[in-house]
Structure formats: structure tokens, C-alpha cells
Amino acid sequence: MTGFQPGNPGRSGLDRLRGRALPKNHDARTISALAANPGCARRALLDAAGVDKQAVAAHVGYAAPFGQSQFAIARGNAFEAQVKEGGGAQLLTLLREHIDLDVSEVGYADLNDIGGNEQRELRHRHTVHVLTGADQPGRTLLDHPLLRLRVGGRPAYLEPDLIALRLDGTIHVIEIKSFAVIDGQADGSKVAAAAIQSAVYVRALRDLMAEAGADPTAVSHRTVLVAPKDFSSQPTATSLDVRKQLGVLDRQLSRIASIEDLLARYPRTLTFDLDPDDKDRPRRPKAELTAAIKQVTANYAPECLATCELCFLCREEAAGTTGALGKPVREDLGGIEYTAAALSLARGQLPTPERAEIAAQLLRAAQLREQVLGEEV
Amino acid sequence: MAETIEALERRIDELRVKVREAMLSGERALASAHRASLKQAEQAWEDAVAEAAAARSGPEAPASAHRPLPAGSLLPLREQVYEALSLLQVPAAPKLIATVHEAFFGSTFPTTRVTSLKRDEERSFRTAPFARPYYICAALSADYLSQSRGLLAISTWPLELRVIGSLSPRVDFLTEAIRVAEAIERIPEPPTAARRLLERFAASIPGASGSGGGARPAAVREAAAAELTVHADADAKARRAAAERARALDGAEQLFGTTVFREMAGKAAVE
């Protein structure tokens, strides 16, 4: 995707939305979250503009206790350190089995710092050099490379746990997670989140290869998820095919790129500026900011609670709609927007002709419920 | 002997009072002088107690080195790290150093203390270079000769051993496995911690684990040596080249890594 040029009308429109605040940069989590709810115009617009959603949500009184728990972070770091110790000894065993690493492929490149220097730009340049340079023998495992993905014209720096570069030139993204895989099964939503996060890295790697004039298809869509096995700290690996997630991600990224179309639907006065004073305290009236937010339609789903800072505001707004109960409920009740409407149909209200079918189903469901539980709807 | 210990105990009590009084009256210099004498007295007390215990157990326990030591070694931390590193003979991370010491020397220590140890050693070296017979120092990354993250080494080792190329982490891992296996073979009844350590190595080396899950030292040694032949030549070549470049550095940089690149790149970023 291409970045916005200065003076681009979309760009200035987005700057207006953000107001005086500095743009919030994306990271792997926010980009994944973007792809998790592609139907949400509110999130697309605020993210494209780089609005600090946390600050906005707090100012209108819906602060979300957001972010990862300290304990989860500590556990994740400890597990990652464990599988990487001894030159990635535990990882090598798994990767030899899963992506057929040869016994000679054991090179380990630590890209956490470059000669003691942790600057992102430098680490990124070094990553590009290691991945695409010709004189790079014996580099198989790349520990914390730094990738870059342009989102809405601004670079977002991404740091995968590990990249495996095979002798034949194929590149695999390795994601290390600390949730347990018990008896070959893991929490579906967590695997889905890991898959989309890996897809973000695959996208960034392919862009990197293309920019360097190398072959982007060398980056495999088969990523490897490494997680603790059963109730032990022993790691196990699972292959993930992220082609579907890549598709969603590409669509979402191109949507941000063509954000002007979306922006054009709203009045030119729309802004999420907090009007901060010189001590960075927001002065804008809450009602005014709330009204601004509500001009842009959201697409609330319960999953938002895990991925979006504005979730409490949207949930409050969506109260009474079928969507607030989750996507399956909304799809089952196709065409009925409010739970109240569904309930009155179930109680026998005469439906409009286009709702006749779903009304009959609801009526039947209510009868069954009454028979089983003895309760009326 | 017993009297000296008691005399020392009295002296320690007196010194504690003096430190407290000096602190309360705000005389910092005096307090630190008293504190130094207190430390000396405490060390003398420790030594005297150890000596007394050795005299008591007498001639029937001449080979006390082979008996399991009580938890918490009396040796200073740097000596303990030195012992563990000397067994491994390659640069190692604090966690492994602590595990090896627990397995073969009967005591362990928190890894956080090991990290600060390296800083203390560097300070000591910079104030009085080569005043000690050895220093616990850093391993150097082969590309920039800067400190390799999280690895410790001993200053008397050849530079070739202390530089870390891209294959070195694996080569060193296999070497550690061989050293641990050899150490276990020397002990008639290896402690559980040592056997567990060997099993952990075996799990990550192809062909090292027995079918029953346990790890035989000889099998681990052979499997590690077999894989080592694949990487050894290329690794040795890269390390020789890097060590050659490292010889141009000054004494402190050879031991604790150069920061030239960090400073240079930092400046470039500012400009």
C-alpha cells in the first residue's frame, strides 16, 4: 500500500479529526484489532486518524481498563525466554520437526539491539540487511527483528517474537504465546488472535521483501505457533495457515488507505480534538465530544471488549440491539435490529410481510420455551 | 578457638552500636568506617566458625568436597560463578550458571545478583586493571564486539571462546551438554538436580534421549559431539576472525565490550 503525501486532502481531513494531539502509532495488537472488526466505521476512522482512543474514551466517561495484565506479560516473557535459551535449543527441536529445518540450520541472530543500540530505525535497517543481504551466512533464527508496516500513511513498527529463515530462502513467522495447548486444543479466540497477529507480521515481511527487490512470496503463509503443552512449561508447536487473515487484513489496510471515501460522508466540522490546556488536561465539553463520536456509526460486538478502548461507550450505545448479544444472535435474528422487536414478535405481534418467516420461528421458539420452562417470554 | 569466636561476637555487637550511633548523629564518614570494620569482623567470624567446624569433624572427613554442602555456599558470589563457568568452559547465561552450581556444587543464588556482579567486576577492573587473577566478564557479539546480551565468561579464557558468532549459541549449547555429561560421569552418585539438568539438555539434542525418557551421560555426550561436527568448523572460523578484530580493542573493551557503536549511532540519530 502507499502512504499519503503531505497536502493530500484525506491526510488533512484525518489531521482535523485528531485535532492537536500527536498521532498514536499502531502496533501489532491495534492492527490485529482492526482486522477483527472490519465492519466498524468508528474504529476505522479513529484509527486511521491516529486518535488516542484511550484518552477520548476516558474524557467522555467510558474509560476502559485496557491493556494486557502485568501477570500475563510476565508469564509470556518468562516462557519466551525459556524457549529461546541456549541458542533457541527448545525451539530448534520443534522447528526441525515442523518446518523441516536441517541440522546445519542453527544460526541465531539477536536483533534486540545492534551493538548495544536499541534505536528502532537502526534495528529495522539491520533486519532488512540480515533478511535480504547476500553475505549473511548462518542466520536461521532471527530473535526480535523489527519490521515496519505503513498504516494510514504512518509507519508502525512491529516486533515478531522470531522469524525462521531457511536455507532455501523461505521465511516463517514464529509466534510464541503463553496460553496452554491442552490435549492438542487451545482457546479458539486466543488462537484466532495469534493467527491474525502472525498475519500482520507476514504482511509486513512481504512488504519488506518487495521494497528490497526480493521475492515477497518467500514469506510463507504457514506460520508456527509455539505454546506450552498441557499443564507443563514444555513447548509445543502448531502450524497456522494465515491466508484468510491476510485477506481480511489487506482489505482493512486498503480501506484505511482510501479513508477519504469514508471521511467524505461526514461534515467537515467533525473532530475528536480534546482541546487540551497547557497541562494536557482536556477542556472540550463532554457532551460535544460524545455527539461527535456518535456521528460515526459503530458496529459493536461483544468481542470489542477485548480489543477496543471505546468498547464501553459502544456497548452502552448498542444496548437493546440484537448485535450487542453477539454476532451469532444477530445472524439468527436476521433483519431484526432490536431485542424488544424480537420479543414482541415472539409474543405473537402481527409481523410485517418481510418478517413473517422469522416471526413464525420466534413464535415457535417461545412456545417451546413455555412448554419446557413454564415461563412466558 | 572458641574464645576468639566469642571475642569476635562481642566486637561485632560493639561495632553495630557504633555504626548506629554514628548514623544517628549524622556522621556518615565515621559510620562507613565502622561499617567496614564490622564487615571485616563478620567475615573473620564466618572463617573462624568454618575452621572450628572443620577441626571438630576432624580426620574422619578429609574428602569433605565430595559431601553435599549445606544450602548457601560460604564462597563469595564471584567464586561460585567462577566454579560453574569453569565447569562449562563456555560463556553462559546467569540462569544456567545458577542451575549448574546448584547441580554440582550444592548451592544456588538468585540470577539477579549475577547480573549486578558483572557491573561490579567492570568497575573493579576499570579502577585497577588486572589487579585480580580473573574477572567475571562479558561475552562479545562477533559483529560489533559489543556486550552479548545476558552471557558471562571468565577473563582468562582466550578471546576466541568469548566472541559469539551466529553459530556460537548452538555450538556452546552442545559444548555445555558435553561438559555437564562429563561432570556427571565423574561423580559416583550424581544428585537429582544434575540428572535433571542433563535431561533438559538431552531433550533438545537429536538422538540424545533414551527410549525410556531418561538420559545417559554417554549418549548425550555422543549425540552432542555428533551434531557439533556439523557446526564446529564454520563457527571456529567466524570466531577466529572476530577475535582477531577484538585484539585491537583496549583491555576493558576486550573484557566488557565496546560501546563505540552505541555512541556513534546515537550521535548519528541526534544529527
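This is a predicted model: local features need pLDDT of at least 70, side-chain atom pairs count only at pLDDT 80 or more; totals for chains, interfaces and linings use all residues.
Residues are numbered from 1 along each chain as its sequence is written, and chains are lettered from A in the order in which they are written.

I next looked up the make-up of chain A, which holds 15 helices and 8 strands (DSSP runs numbered from the N terminus: H or I of at least four residues for helices, E of at least two for strands). I found 38% of its 377 residues buried, that is, with 20 or more other C-beta atoms within 10 Å of their own, C-beta atoms being placed from the backbone.

I then examined H14(A) (339-346) and H15(A) (356-373), whose axes (lines fitted to C-alpha atoms over the stretch in contact) come within 8 Å and cross at roughly 70 degrees. The two are therefore roughly perpendicular (65 to 115 degrees). I listed A:Ala342, A:Leu345 and A:Ala346 among the contact residues of H14(A). The contact comprises 8 nonpolar, no polar and no charged residues (nonpolar: Ala, Val, Leu, Ile, Met, Phe, Trp, Tyr, Cys and Pro; charged: Asp, Glu, Lys and Arg; polar: the others, Gly among them).

Finally, I recorded 23 residues of chain A and 22 of chain B in their contact. On the chain A side, H5(A) gives the largest share, 7 residues.

Conventions:
Axes are lines fitted to C-alpha atoms, for helices over the stretch in contact, and angles run from 0 to 180 degrees between N-to-C directions. Angles under 35 degrees count as roughly parallel, over 145 as roughly antiparallel, 65 to 115 as roughly perpendicular and the rest as oblique. Two residues are in contact if their C-beta atoms, placed from the backbone, lie within 7 Å. A residue is buried if 20 or more other C-beta atoms lie within 10 Å of its own, exposed if 12 or fewer, and partly exposed in between; C-beta atoms are placed from the backbone.
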